[in-house]
Amino acid sequence: MRKLSPGSRPLKGTLEVPGDKSIAHRALILGSLAEGEMRILSLPAGGDVRSTRDCLSRLGADLSPDGEALVLRGRGLSGLKAPAGPLDCGNSGTTMRLLMGLLAGQGGEAVLTGDPSLSRRPMRRVSEPLTLMGAAFELAEDAHAPIRIRGRRPLSPLEYRLPVPSAQVKSAILLAALQADGETTLDDPFGTRDHTERMLRLMGGPERVRLEGTRITLRPGPLRCPAELRIPGDPSSAAYWAAAASLIPGSALTVKGVLLNPTRMGLFDVLRDMGARLNIRQQAAPSWEPVGDIRSEHSRLVGVRVPAARIPALVDEVPLLAVIACAAHGETRIEGLAELRVKESDRLKATADGLNALGGEVRVADDALVIQGPRLLRGAAVETHGDHRLALAFAVAAAAAEGTTTLSDAECAAVSYPGFLEALEARTA
Ligand code: S3P
């Protein structure tokens, strides 16, 4: 439990956020399957990335800290070893689902476990396509972790259309496809985050990943580590600062060195539609991912309708968008949120419950959130359900509210953004 008091100062100046979590998982996993040595810079310290790192070490990956860098020596596609015991993925869905793809193409057996939240999340969406490629899976109640995997080398290639908007499912299949004996083609009609495709091009050469409309074709074969990989700032973490600056009068704040990948920019796009004063400037130097600065100022906001097609680009920011919408004039309707029910908690219900406890007017209507604004939020006791995105979003609500807010399990924020609650308090106190 943690008490949060609203600040008395506006947010000013510049800051940086930890490296992008999604890219960090991929750098560690693809790097371990690649050849050569890579210095990874700005690897985030959150719990989820730590889970991936620990699991890869158990699989024989060679990872050693060197000053500010983590040095990774790739083992190649067939250099990892079967783990001696279960691999604990902690709270991290990305760790579990991406490792399912990696392990599907390795020869031996492995068991993946997770914390109670991860053990409730759906895993058949990953085991089904990987079974079509030749791996064998045993899941608890046929759906959940713990998961026993028997890999096959090589796997068969696959033609597959994603049935759910999930970059984790797509990435698991691409990791397996790397270890198949022919080309795999995947159709992602939802446009989910494309970091795996970009990193496969970086490490395998651009010709290895063909993109035609919504279809991705991967040619299997070896990867090579770049000598150095600097992970850009996480836009999902920058979003909390941009939102807080929009909500706290007098604020003008710049987050520097943020990943500006279009598949991740949905929250900023919607904020702009709501009337936020937002200035995004991309760095000139070309890179395998776009990077730049995001400046946000306090603004008068209006409610908007966010259709389902826009959700993949802001899927982790929906609780935060609901916080912002409480301050906007008029109704905000965020549609197509079925996936939120199977995140670290039922985020649809938990977002509505938390904001209503703070005096918001938020309703769940089928798979949509409907928020009336503006409502002045007042400090109250709020449940995070141990879900880091809820803790972080409610901390922003608390900073803009009147009175003191008490967050349950606030330490879960460290899963993706250790130090945010303290930094927000320090900058506004
Ligand atoms: C992620 C994909 C998304 C997102 C998660 C990270 C990734 O999950 O919510 O935080 O790194 O691929 P889904 O694939 O389940 O949508």
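Me: Where does the ligand sit in this model?

Reply: A molecule sits in a pocket if more than half of its atoms lie within 2 Å of the pocket's grid points. In this predicted model, the ligand sits in the largest pocket. The elements that give two or more residues to the shell around the ligand are helix H1 (21-33), H3 and helix H5 (167-177).

Me: Which residues surround the ligand, and which side chains have an N or O atom 2.6 Å or 2.7 Å from a ligand oxygen atom?

Reply: The residues around the ligand include Ser22, Thr94, Arg97, Gln168 and Arg193. The side chain of Asp316 places an N or O atom 2.6 Å from an oxygen atom of the ligand, while for Lys343 the corresponding distance is 2.7 Å. A polar side-chain atom of Arg26 also lies 2.6 Å from a ligand oxygen. Taken alone, the ligand exposes 390 Å², and the protein buries 94% of that.

Me: Where is Leu158 found, and what does it touch?

Reply: Leu158 is found in the loop between strand E9 (144-150) and strand E10 (159-161), and is buried, with a relative accessible area of 9%. Not counting residues up to four places away in sequence, Leu158 touches several residues, among them Pro129, Met133, Ile173 and Thr184.

How values were computed:
Residues are numbered from 1 along each chain as its sequence is written. This is a predicted model: local features need pLDDT of at least 70, side-chain atom pairs count only at pLDDT 80 or more; totals for chains, interfaces and linings use all residues. Side-chain values use heavy atoms; hydrogens and water are left out. Helices (H or I, at least four residues) and strands (E, at least two) are DSSP runs, numbered from the N terminus. Buried means under 20% relative accessible area, exposed over 50%, partly exposed in between (1.4 Å probe, protein chains only). Contact means heavy atoms within 4.5 Å. A residue is near a molecule or strand if one of its heavy atoms lies within 4 Å of it. A polar contact is a pair of N or O atoms within 3.5 Å; within protein, one must be able to donate a hydrogen and the other to accept it, and residues adjacent in sequence count only if both atoms are side-chain atoms. Accessible areas come from the Shrake-Rupley method with a 1.4 Å probe; for residues, only the protein chains shown count as cover. On a 1 Å grid over the protein atoms alone, a cavity is a set of points where a 1.4 Å probe fits but cannot get out, and a pocket is an open set with protein on both sides within 12 Å along at least five of seven lines; lining residues have an atom within 4 Å of a point.
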